[in-house]
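Subject: Structure for you to look at

Hello,

Please find below the structure I promised to pass on. Have it open while you read the notes that come after it.

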Amino acid sequence: MSARLRTPLTELVGIEHPIVQTGMGWVAGPSLVAGTANAGGLGILASATMTMPELEEAIAKTKAKTDKPFGVNIRADAADAVDRCELMIREGVKVASFALAPKKELIARLKDNGVVVVPSIGAAKHAVKVASWGADAVIVQGGEGGGHTGSVATTLLLPSVLDAVDIPVVAGGGFFDGRGLAAALSYGAAGVAMGTRFLLTQDSSVPDSVKQEYLARGLQDTTVSTKVDGMPHRVLNTELVNKLEHSGSYRGFLAAAANAVKFKHMTGMKWSALVKDGLAMRKHKDLTWSQVIMAANTPMLLKAGLVEGNTQAGVLASGQVAGIIEDLPTCQELIDRIIEEAVERIDGLAKYRVTEAESTSA
């Protein structure tokens with residue numbers, strides 16, 4: 001394709017197009033990440049649901065499918081966060097994406113070894129903090145986004161962050177096409193990050209039956225629930241979500257405790273490591289112990305829906321854009337289409353400009 005856009009993000013990471021595929025748990029695996037990278041965007045592996053050996057294998061598989069830059073998303077509060085970062089350094093991963101603010105020392109270690117550090121943040125004050133610690137860029141997600149989300153819309157959150165920092169800002173939450181990319185660039189963003197839109201591609205490993213469930217939904221068919229894991233979590237409305245929303249806290253607590261046991265067996269983590277992670281979550285996210293245990297719900301419920309295709313027993317994280325997406329393109333088709341439309345929109349804005357000659361003759 002001939003259409004191109006150069007932004008601080010493309011220059012920073014060395015990618016062709018200012019489009020980021022977010023690190024969605026159970027969704028952002030080697031095929032999707034490599035598909036995004038080969039199409040010129042930045043694909044990010046989701047490692048929070050992977051053991052260290054699984055992450056090592058996923059990085060190797062991704063490198064076998066693409067020679068383009070890609071990233072890995074990790075939980076900054078994970079007990080083995082440092083080990084995962086060392087793995088990224090050894091493997092030459094280009095971007096370290098964080099769900100929470102990484103420690104200043106960890107940012108320095110990554111940057112000293114050529115890794116671009118891009119935390120995801122939900123408020124201007126958090127952007128200011130990580131920028132002061134040396135973060136290279138930030139991803140800011142507005143309330144329209146899927147998964148854990150805030151209450152402020154992208155149209156307000158984005159400019160507040162842009163006004164607060166002078167590093168590249170990538171806009172997330174509500175983006176799915178070239179119009180959105182053009183709008184984000186007009187605000188001053190360096191690119192857009194999309195999750196649900198990439199989940200709904202042919203390169204995504206999500207079962208086709210589940211993808212059809214997303215495509216059948218409307219703009220009103222998501223809920224921000226605190227019953228899934230104790231924190232605001234935007235998901236598709238399903239029978240299970242409706243039951244959770246109307247259940248008591250005791251029932252949810254018991255389900256979460258059972259899921260914590262399942263998560264331990266799935267990951268091979270020791271109880272000591274789980275407790276250490278829980279202590280870190282409680283400290284960094286200011287959670288109650290009930291919420292910490294509830295957080296064990298997330299990986300297991302998402303796996304049931306997004307991997308096993310069991311929409312009756314699982315949860316489907318989703319941005320509101322699911323209600324306006326109608327097709328399942330490849331990553332290449334999607335990114336080509338977005339860039340072409342964005343360039344057309346940007347070029348078309350010139351017609352609204354009144355020249356000096358026109359102003360004088362008016």
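The notes below cover strand pairing and then helix packing.

This is a predicted model, in which local features need pLDDT of at least 70 and side-chain atom pairs count only at pLDDT 80 or more, while totals for chains, interfaces and linings use all residues. Residues are numbered from 1 along each chain as its sequence is written, and side-chain values use heavy atoms, with hydrogens and water left out.

Strands

Helices (H or I, at least four residues) and strands (E, at least two) are DSSP runs, numbered from the N terminus. Two strands pair if DSSP finds at least two bridges between them. In general, strands of a sheet pair through backbone hydrogen bonds, either parallel or antiparallel.

Strand E5 (residues 116-121) pairs with strand E6 (residues 138-141) in the parallel sense, over two bridges. Serine 120 has isoleucine 139 in E6 as its bridge partner. Between E5 and E6 the chain runs through helix H6 (residues 124-132), and this β-α-β crossover is right-handed (with the strands pointing away from the viewer, the path from the first strand over the helix to the second runs clockwise). E6 also pairs with strand E8 (residues 169-172), in the parallel sense over four bridges. There, valine 138 stands opposite valine 169 in E8.

An open sheet of three strands, in the order E7-E11-E10, has antiparallel pairing. Its edge strands, E7 (147-148) and E10 (222-225), each pair on one side only. E10 and E11 (residues 233-236) are joined over four bridges in the antiparallel sense, and valine 224 stands opposite arginine 234 in E11.

Helices

Axes are lines fitted to C-alpha atoms, for helices over the stretch in contact, and angles run from 0 to 180 degrees between N-to-C directions.

Helix H8 (residues 178-187) packs against helix H16 (residues 331-348) at an angle of about 55 degrees, with the axes 7 Å apart. H8 and H16 are therefore oblique to each other (under 35 degrees counts as roughly parallel, over 145 as roughly antiparallel, 65 to 115 as roughly perpendicular and the rest as oblique).

The axes of helix H3 (residues 52-65) and helix H4 (residues 81-91) come within 11 Å and cross at roughly 25 degrees. H3 and H4 are therefore roughly parallel to each other. In the contact (heavy atoms within 4.5 Å), Met52, Leu55, Glu56, Ile59 and Lys63 of H3 meet Asp83, Arg84, Leu87 and Glu91 of H4.

Regards
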